[in-house]
Amino acid sequence: MRCPYCGSTNTQVKDSRPSEDHTAIRRRRGCADCGGRFTTFERVQLRELTVVKRSGRRVPFDRDKLARSVQVALRKRPVDPERVERMVTGIVRQLESTGDGDVDSNIVGQLVMEGLKGLDDVAYVRFASVYKNFREARDFEALLGELSGDEEIVPASAAEGLEKPR
Ligand SMILES: [Zn+2]
């Protein structure tokens, strides 16, 4: 696994344990070159999902991207990271249960709003206000892109957000 800080592939797993609900394995990793620490999650992927944009464009569903936009909405909110993980997993399972593996980008946004509503009012309002405004003018793609910064690599700060505070 490539280090998100320096790009080195000289990284090692320091610790490996299941998440609370046992739907994922969380691995703490360290980079031997720069000393950076980061976290990865291993999960079951039941099927390949394709997001269909309003423009008709088709892109592979990216769970990390979804999780990052949820993290942004939840920034500095006192929500148990395990609950956030379960919510994201729940959304993915719902998407996976749809007919042919194609999901409308609007459905993804709706499911995130519903999930946040049950999790944290402030995060819900943050996400909904951005999402609804963008829906007027732009594709949901633009929202996810702007919220996440559209990085290829998940910065450790985003992954750290999924961890329990020590
Ligand atoms: Zn490194």
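I take axes as lines fitted to C-alpha atoms, for helices over the stretch in contact, and angles as running from 0 to 180 degrees between N-to-C directions. Helices (H or I, at least four residues) and strands (E, at least two) are DSSP runs, numbered from the N terminus.

**Entry 1, ground rules.** The model is predicted, with local features needing pLDDT of at least 70 and side-chain atom pairs counted only at pLDDT 80 or more, while totals for chains, interfaces and linings use all residues. Residue numbers start from 1 along each chain as its sequence is written.

I looked up how helix H1 (residues 63-73) meets helix H2 (residues 81-96). They pack at an angle of about 135°, and their axes are 11 Å apart. H1 and H2 are therefore oblique to each other; angles under 35 degrees count as roughly parallel, over 145 as roughly antiparallel, 65 to 115 as roughly perpendicular and the rest as oblique. The crossing of H1 past H2 is right-handed, the term for a near helix turned clockwise from the far one by less than a right angle, anticlockwise being left-handed.

I then listed the contact, where two residues count if their C-beta atoms, placed from the backbone, lie within 7 Å. H1 contributes Arg63, Leu66, Ala67 and Val70, and H2 contributes Val84, Val88, Ile91 and Val92. By class, the residues of this contact are seven nonpolar, no polar and one charged. Here Ala, Val, Leu, Ile, Met, Phe, Trp, Tyr, Cys and Pro are nonpolar, Asp, Glu, Lys and Arg are charged, and the others, Gly among them, are polar.

**Entry 3, the sheet S1-S2-S3.** Three strands make an open sheet in the order S1-S2-S3, with antiparallel pairing; strands pair if DSSP finds at least two bridges between them. Strand S1 (11-18) and strand S3 (37-43) are the edges with a single partner strand each, so one side of each has no neighbour in the sheet. On average, neighbouring strands of this sheet are turned by 25° against each other, direction ignored.

Strand S2 (residues 24-31) pairs with S3 over seven bridges in the antiparallel sense. I noted two positions: Arg26 has Phe41 of S3 as its bridge partner, and Ile25 stands opposite Glu42 in S3. S2 and S3 form a hairpin with five residues between them, and Gly35 in the turn has a positive phi of about 80°.

Ala32 is in the loop between S2 and S3. Is it buried or exposed? Ala32 is exposed, with 12 other C-beta atoms within 10 Å; the classes are buried at 20 or more, exposed at 12 or fewer, and partly exposed in between, with C-beta atoms placed from the backbone. Leaving out residues up to four places away in sequence, Ala32 touches Asn10, Thr11 and Gln12. Its C-alpha atom is separated by 8.4 Å from that of Ser8, 24 residues apart along the chain.

Strand S4 (residues 50-52) and S5 share three bridges in the antiparallel sense, with Thr50 opposite Pro60 in S5.

Lys76 sits in the loop between H1 and H2. Its phi is near 65°, positive in a residue other than glycine. Lys76 counts as exposed, with 8 C-beta neighbours inside 10 Å.
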